[in-house]
Amino acid sequence: MGYLLVEGGRPLSGRIAVEGAKNAALPACVASLLTDGPIVLHRIPQLRDVSTILFTIGELGKRVIRNGPDLLIAGAPLSFEANPYSVSQMRASFLVLGPLVARFGRAVVPLPGGCSIGPRPVDLHLKGLQALGARVEERDGAVAVMADRLRGCRIELPFPSVGATEQLLMVASLADGETEIANGAIEPEVIDLVSLLRKMGSNVEIDGRTFRIEGRISLSGAEHTLIPDRMEAGTLLLAGAITGGEVTVEGVEPGHLEAFLEALSASGLTIGEGDGELTVVPRGRPEPVEVKTGPHPGFPTDLHPPLAAYLSVGRGTSRVTEGVFERRFTYVDGLRSMGAQIAVSGRTGSITGVKRLRGSSLVAPDIRAGAALLLAGLAAEGETRVSGLEQIDRGYAGIEDKLSRLGAKVERTND
Ligand code: UD1
């Protein structure tokens with residue numbers, strides 16, 4: 001699938017616009033299954049994961065017309081069985097389960113694949129569906145769910161899972177009566193799904209982590225513009241920071257990145273905030289910080305690996321504790337091969353900064369670890385080769401073009 005060849009050591013600088021959020025695009029596309037009406041989405045990023053979800057809903061009978069960042073999804077879903085290939089490619093495809101049950105009274109969806117970052121069960125999705133009155137059976141690596149009627153109820157999630165909250169918000173929108181989801185996820189991407197569902201006619205109220213949904217008999221088409229991708233914004237800001245350059249990201253929502261920006265400030269960066277834009281101004285090597293990832297508004301787990309890359313060229317010893325995924329540390333071996341000093345104990349990584357990383361040949365293990373290795377390559381002495389681009393391309397659109405526009409020397413080779 002080719003590789004990115006990076007010649008490190010050049011400070012990046014300039015301005016760059018971010019895409020619409022991948023993690024908002026995926027549930028928005030799935031929500032189209034809840035209606036036969038047209039769903040028009042704007043600011044759709046050109047990503048592999050988006051192509052995967054569009055393939056999935058296309059296989060279910062939806063008509064999909066894509067024109068750059070604009071997307072029209074129309075027509076009735078025709079099948080209640082999801083394509084095994086697409087679900088094996090990406091965990092978020094599992095979100096089709098609830099909407100299919102809500103529309104057909106039954107659904108068959110394979111258990112998900114996707115990023116290899118620890119066991120990521122779907123028990124909370126299934127328990128929620130059961131609470132709403134569905135019967136769940138597991139056979140041959142797939143789940144079969146049946147429900148004559150879905151009845152609103154109270155569901156308390158033991159952990160504010162993003163996917164489970166989204167799944168249940170969609171199902172509850174077509175269930176009988178009121179559903180209350182307590183301890184739900186309030187990531188900006190979940191709130192963006194709520195905005196779309198409201199435009200489709202769903203009545204959703206949010207109070208802290210509690211969602212109250214008054215079910216409807218049917219939902220209508222709607223038009224919606226996705227929120228900006230805070231993970232891409234954070235990664236590009238770190239690309240500036242790790243190379244000692246001044247980078248501005250445009251079209252962002254600074255309020256979505258508060259915990260991340262706090263960590264950057266603590267590391268000694270000056271952060272400029274304008275109207276929908278953020279700038280980082282580095283002042284020497286990063287100071288050590290202590291960060292723990294957690295559900296929003298905590299530090300986002302997806303920015304843990306890119307942050308770790310940045311801290312690996314810092315002054316003292318930083319600590320990053322992973323509070324969401326057990327196996328987030330897939331970037332560690334790659335960074336170590338570049339000279340980084342990282343010790344992992346349990347869920348905490350201790351990163352002792354080194355003056356300089358050196359170029360290496362690496363494989364991206366998953367989306368965000370891939371981004372971390374790429375960032376390290378930008379700062380390293382000599383050449384870095386990052387392969388496994390099918391992972392990076394899942395979450396970053398045209399990353400080499402964006403980095404090149406900021407002054408990086410990055411080339412894609414499609415060998
Ligand atoms: C979403 C994001 C992903 C992000 C994550 C956490 C999308 C497409 N992906 O993933 O980029 O890193 O949120 O912010 O939006 N869990 C269970 N049982 C369940 C569901 C989850 O135990 O039924 C656990 C998982 O194993 C994991 C944790 O909860 O340890 C977080 O998962 P969840 O919030 O559901 O993440 P995703 O929706 O998969």
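Colleague: How are α1 and α2 oriented relative to each other, roughly parallel or roughly antiparallel?

Modeller: Bear in mind that this is a predicted model. Helix α1 (residues 22-31) packs against α2 at an angle of about 5°, and their axes are 10 Å apart. Angles under 35 degrees count as roughly parallel, so the orientation of α1 to α2 is roughly parallel.

Colleague: Nice. How many nonpolar, polar and charged residues make up the contact of α1 with α2?

Modeller: From α1 come Lys 22, Ala 25, Leu 26, Cys 29 and Val 30, while α2 supplies Asp 49, Val 50, Ile 53, Leu 54 and Ile 57. Sorted by class, the contact of α1 with α2 has 8 nonpolar, no polar and 2 charged residues.

Colleague: Let's move on to α5 and α6. At what angle do they pack, and how far apart are their axes?

Modeller: The two helices span residues 123-131 for α5 and residues 162-172 for α6. They are roughly parallel to each other, and their crossing is right-handed. The angle is about 25°, with the axes 8 Å apart.

Colleague: Which residues of α6 does α5 meet, and how does that contact divide by class?

Modeller: On the α5 side, the residues are Leu 124, His 125, Gly 128 and Leu 129. Their partners in α6 are Gly 163, Ala 164, Gln 167, Leu 168 and Val 171. By class, the contact of α5 with α6 has 5 nonpolar, 4 polar and no charged residues.

Colleague: And α4 with α6: is the crossing left-handed or right-handed?

Modeller: Helix α4 (residues 97-104) packs on α6 at an angle of about 15°, with axes 8 Å apart. That angle makes α4 roughly parallel to α6. As for handedness, the crossing is right-handed.

Colleague: Which residues of α4 and α6 make that contact?

Modeller: The class count for the contact of α4 with α6 is 4 nonpolar, 2 polar and no charged. Leu 97, Gly 98 and Pro 99 belong to α4, and the α6 residues are Gln 167, Met 170 and Val 171.

Colleague: Turning to the ligand, which residues come nearest?

Modeller: There are 20 residues around the ligand. Those that come nearest are Arg 91, Asp 123, Leu 124, Ser 161 and Asp 302.

Colleague: Now the backbone: is the peptide bond from His 296 to Pro 297 cis or trans?

Modeller: Most peptide bonds are trans. Pro 297 sits in the loop between β17 (290-292) and α10 (304-311). With omega near 10°, the bond from His 296 to Pro 297 is cis.

Colleague: One last thing: what phi does Arg 43 have?

Modeller: Most residues other than glycine have a negative phi. Arg 43 lies in the loop between β3 (39-42) and α2 (48-59). Although Arg 43 is not a glycine, its phi is positive, at about 65°.

Key:
Residues are numbered from 1 along each chain as its sequence is written. This is a predicted model: local features need pLDDT of at least 70, side-chain atom pairs count only at pLDDT 80 or more; totals for chains, interfaces and linings use all residues. Side-chain values use heavy atoms; hydrogens and water are left out. Axes are lines fitted to C-alpha atoms, for helices over the stretch in contact, and angles run from 0 to 180 degrees between N-to-C directions. Helices (H or I, at least four residues) and strands (E, at least two) are DSSP runs, numbered from the N terminus. Angles under 35 degrees count as roughly parallel, over 145 as roughly antiparallel, 65 to 115 as roughly perpendicular and the rest as oblique. A crossing is left-handed if the near helix is turned anticlockwise from the far one by less than a right angle, and right-handed if clockwise. Contact means heavy atoms within 4.5 Å. Ala, Val, Leu, Ile, Met, Phe, Trp, Tyr, Cys and Pro count as nonpolar, Asp, Glu, Lys and Arg as charged, and the others, Gly among them, as polar. A residue is near a molecule or strand if one of its heavy atoms lies within 4 Å of it.
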